[in-house]
Amino acid sequence: MTIFARIAAYSSYPDEVLLYADTLFEMATARGQPDFIIEALQSKGVAHRLLGNLRKSQEYLFHSANLAIEHRAYKRLITGYLEIANTYIANNYLRNALLYNQKAIGIIRSHGDKEQLAINLLNTGYSYYTLNELDSALLLYNEAVPIFREIGLKIGQAYTVGNTALVHWKQGQYKTAEKGLLKAIDMLKPLGDQFGMADYHNQLGKLYAEEGYTKAAILHTTDALTIAQALDLKEQKRDASLLLSKLYESQKDYARAFNHQSNYIVYKDSIENSGTTRQLANLRTEFEVSLKEKEIALLEKRQLLNRIYIIIAIFFLLLAVLILLYFRQRFRNARLLAENERKEHDVNIRSLLNTQETKALQAMVQGQENERRRLARELHNHFGSLLATIKVNMNAVDHAAVPNHHTLTTLIDQACTDIRNLSHSLNVGISDNFGLVPALTELTSHLRQSRKLEVEFSASMCEQQMEVRNEIIIYRIVQELVSNVLKHADATKLSILLTCFDEENLVNIIVHDNGKGFDVNAAQYAGIGLNTLKEMIHNLRGEIRFDSNSTSGTTVNIDLPITPITLNWHL
């Protein structure tokens, strides 16, 4: 099984991977080896992704991840999450890919090694860079740098420097980007990493071209093309040829421009034709296999005629055995059916209890919201009016008759202001005509007004709008997390990310700050607190994870499933 697993893992031919993965799966299932079953499923998922069957790939990869969770096979789970992310990338679902990259990083922090953590921080940072979320990319790169330095992995240090330079380039810091790319090339040169050098030379060529330094751009792009030709890196040759064509055209060197433009077309067609050639080869293989199958079918038909008399003789003997087995199996099925009905009854009872518990939680949250509004109205309508009446009567009193008239008037004005502010703060949140995203946008707008906290908010909601009561739950969760940041974190940056995944029926909340962090296990909190928040999310069938340290701050990651007994229930 170990040999089959290695062949399936290292083979470059998807059909061969499927062949050995299927064999491994059958052997592991027969022998009850869950680790090999998980590995076989992951290999089958990767093979289907290489064949272009992305939906089938996801089915096998999610199956392997569920088994890994069930058997606490954390290293296999890490691999499964990373392959799921790669399949989402192949589907161009970068947001979903980032979700599973983050899940993998969370498990690596507890069960992986430092090298694996640093490499995945680097890769996930590049995904953020691709989505143009530059601050998030820099955050992960900065975390990876000391780890690469500690373990002495120089190639990782070089790629971190180069990728950070690309972020600075997008931010308009051309000089910083130029120094970083040159440094990355110098670091990769003694390591012999020609691929990385070619890519960074290409990037330098583009950077210099943007700045108008044509000669420097030609120099680095030519170096990139030379390395790419030596290694037959088709995409790099294509990009370098296109840029050189434009650069020489700007210098009116039309002969060289035409030459590089011709090479660009050749490389571009070669890349596109390679996919077509691969498809034709697959069709040819299928045709030849079909011919072989027909020859085998004819041979089997001749053999069948020779065996048919033997089969007839055996048939009557088997018939008696089958009748006996039939009644025996029927008895077993009746017993299994009764047992399954009992189990289904138990499941229905548990489901009913869970639904009642969840409805109670929803009623509690709705009651708290109604109480906030009642208090706000009481403060505004009763006490606000009462103070206004007192103020009118005080203005009618002779100033000279009351020695402290000015002081009393000032205190009444302050009380009116305090009552109004308190009423507004109690009633702030989500109304029936306001919505979750605008409410969170207003919350972050108020936070930015202090000018002491840099706030980033991003939301990607589901196609169908949630009910107001459900949006209130999400808003109060975010409000509590933000309140903890303001009270305890001493942070200068705060990031709020709200994402709804229709396919997974999942709402994901990520709140990150760059504060001083805290000890999740030892910390104690007053009020609703994180412990109460954990219990609330657990009752909603959700999942909450904390990642906190003094270097990178605190990240709270919450998954809330959208099911009839959680966010979309009805009272």
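Visitor: In what order do the 5 strands of the open sheet run?

Guide: This is a predicted model, where local features need pLDDT of at least 70, side-chain atom pairs count only at pLDDT 80 or more, and totals for chains, interfaces and linings use all residues. Residues are numbered from 1 along each chain as its sequence is written, and side-chain values use heavy atoms, with hydrogens and water left out. Strands (E, at least two residues) and helices (H or I, at least four) are DSSP runs numbered from the N terminus, and two strands pair if DSSP finds at least two bridges between them. Here the order is β1-β2-β3-β5-β4, with mixed pairing.

Visitor: Which are the edge strands?

Guide: β1 (454-460) and β4 (543-549), each pairing on one side only. β4 pairs with β5 (residues 553-561) in the antiparallel sense over 7 bridges, and D547 sits opposite T555 in β5.

Visitor: Which strands does helix α16 touch?

Guide: Contact means heavy atoms within 4.5 Å. Helix α16 (residues 436-448) packs on the sheet against β1 and β2.

Visitor: How are two packed helices described?

Guide: By the angle between their axes and the distance between the axes. Axes are lines fitted to C-alpha atoms, for helices over the stretch in contact, and angles run from 0 to 180 degrees between N-to-C directions. For α1 (residues 2-10) and α2 (residues 14-31), the axes come within 8 Å and cross at roughly 150 degrees. The two helices are therefore roughly antiparallel (over 145 degrees).

Visitor: Which residues of α1 make the contact?

Guide: F4, A5, I7 and A8, meeting α2 residues that include Y20 and L24.

Conventions
Angles under 35 degrees count as roughly parallel, over 145 as roughly antiparallel, 65 to 115 as roughly perpendicular and the rest as oblique.
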